Amino acid sequence: MNSLQWLQVLLSLSLQATLVIGVAWGMERWTDAAVTKSRVWNACFVSLLLLLAMGVLLPRLEWIHPWSGLGPKGLLAVANTEFVLGASLLAVWVGGVGVMIVRWCMQFFAVRSFLSRCPPYPEAVQEQLRRRVPAELLTPLIDELCYRESPQDLGPFCYQFHRPLVFLPRTLVEGDPVELEHVLRHELTHLKTQHPMQLFLQKAAQVFFWFHPLVWVSGRRSSLVREFVCDDAASGDAQSTALYLRTLLRLVENRSAPPEGSLMFWRSQSELRLRARRLAFAVDRPTSAGRLGPVLVCAAALAVSQLWLPTNPLASHYASYSPWPSWTATVAHSFGVRLRDFESYDTAVQLEELLEAHEALASE
């Protein structure tokens with residue numbers, strides 16, 4: 001792919017991501033069920049990654065050709081400008097992705113180093129903790145789940161890379177059994193509903209769309225919705241919700257500052273207020289399921305995947321699709337599949353012809 005094609009991909013992906021996120025926000029507002037809200041955002045982040053993959057691996061639909069009316073001089077000016085702009089945008093995007101990946105790796109190793117210093121609880125305590133929650137919450141985690149002691153000022157949280165881990169302060173394990181049960185239900189719901197994997201997909205989307213502010217805003221909203229799912233699992237009727245709210249407040253009182261981390265029990269005062277207000281007003285209120293929300297987000301992503309900005313002035317006027325990217329065509333050719341990986345007029349040849357035509361016009 002040359003600079004002209006990268007410019008088209010990056011600008012079009014920005015537009016496509018904006019539309020998909022807009023649909024996701026609408027679908028999230030459509031439902032009151034936290035589980036469905038979470039699925040909507042999962043569908044959104046998966047769709048963003050698929051849009052990126054389609055942009056760099058598949059040909060792009062050429063709806064219109066707005067540059068066909070330009071003469072050689074105009075085409076040359078637009079092509080030269082877009083070559084410079086496309087190369088600059090590609091360099092900035094690749095640099096940003098590289099920085100994000102390095103930052104992500106450094107955070108990963110820092111977290112792994114910290115977690116390795118948190119000792120596991122004795123087997124007797126592990127068994128006691130397993131008996132405090134319903135068996136369905138432990139399935140299929142029970143064979144690999146391990147409880148570890150976390151620092152008091154960090155509070156409870158969970159983590160999963162290859163093994164599910166739940167971290168609990170010792171004061172919580174030895175304290176009020178009702179509060180302990182609330183926290184266990186909350187953290188085990190994170191693990192059972194694959195929130196670590198969902199967080200991975202969200203971060204992957206944020207790495208490749210680091211330049212798009214709505215992706216970051218959506219990530220914060222998705223994290224909050226995941227907490228809604230766990231809050232609902234840890235509470236129920238009015239009485240249990242009141243006790244759960246008291247647990248939230250007591251855990252906050254024991255901290256000097258909000259901890260960092262996407263699967264921490266709480267991350268900020270504003271988020272905690274939202275969660276508490278939602279729990280207080282959601283008791284006994286019927287919820288609208290909106291189960292088609294995730295499907296509609298995926299359908300919207302499929303529709304906008306064919307929306308490509310006609311930025312390339314050298315695109316062939318006689319083809320409805322751009323050529324296949326060379327890396328995809330090379331792989332397909334190795335399996336005996338013939339794909340068109342060239343323009344009807346090669347870009348370099350076309351530029352040379354335009355230059356000759358421009359010089360001929362200038363000499364007249």
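**Which hand does the crossing of α7 and α9 have, left or right?**

Before we start: this is a predicted model, in which local features need pLDDT of at least 70, side-chain atom pairs count only at pLDDT 80 or more, and totals for chains, interfaces and linings use all residues. Residues are numbered from 1 along each chain as its sequence is written, and side-chain values use heavy atoms, with hydrogens and water left out.

**Exercise 1.** Describe how α7 and α9 cross.

Step 1. Find helix α7 at residues 177-192 and helix α9 at residues 213-234; helices are DSSP runs (H or I, at least four residues), numbered from the N terminus.

Step 2. Their axes come within 8 Å and cross at roughly 135 degrees. Axes are lines fitted to C-alpha atoms over the stretch in contact, and angles run from 0 to 180 degrees between N-to-C directions.

Step 3. That angle makes α7 oblique to α9 (under 35 degrees is roughly parallel, over 145 roughly antiparallel, 65 to 115 roughly perpendicular, the rest oblique).

Step 4. The crossing is right-handed, meaning the near helix is turned clockwise from the far one by less than a right angle.

**Exercise 2.** Now try α2 and α12: at what angle do they cross?

Step 1. Helix α2 (residues 34-57) and helix α12 (residues 293-304) have axes that come within 8 Å, crossing at roughly 20 degrees.

Step 2. So α2 is roughly parallel to α12.

Step 3. This crossing is right-handed.

Step 4. Look for the contact (heavy atoms within 4.5 Å): T36, R39 and V40 are among the α2 residues, and G293, P294 and V297 among those of α12.

How values were computed: Helix = DSSP H or I, 4+ residues; strand = E, 2+ residues; numbered from the N terminus.
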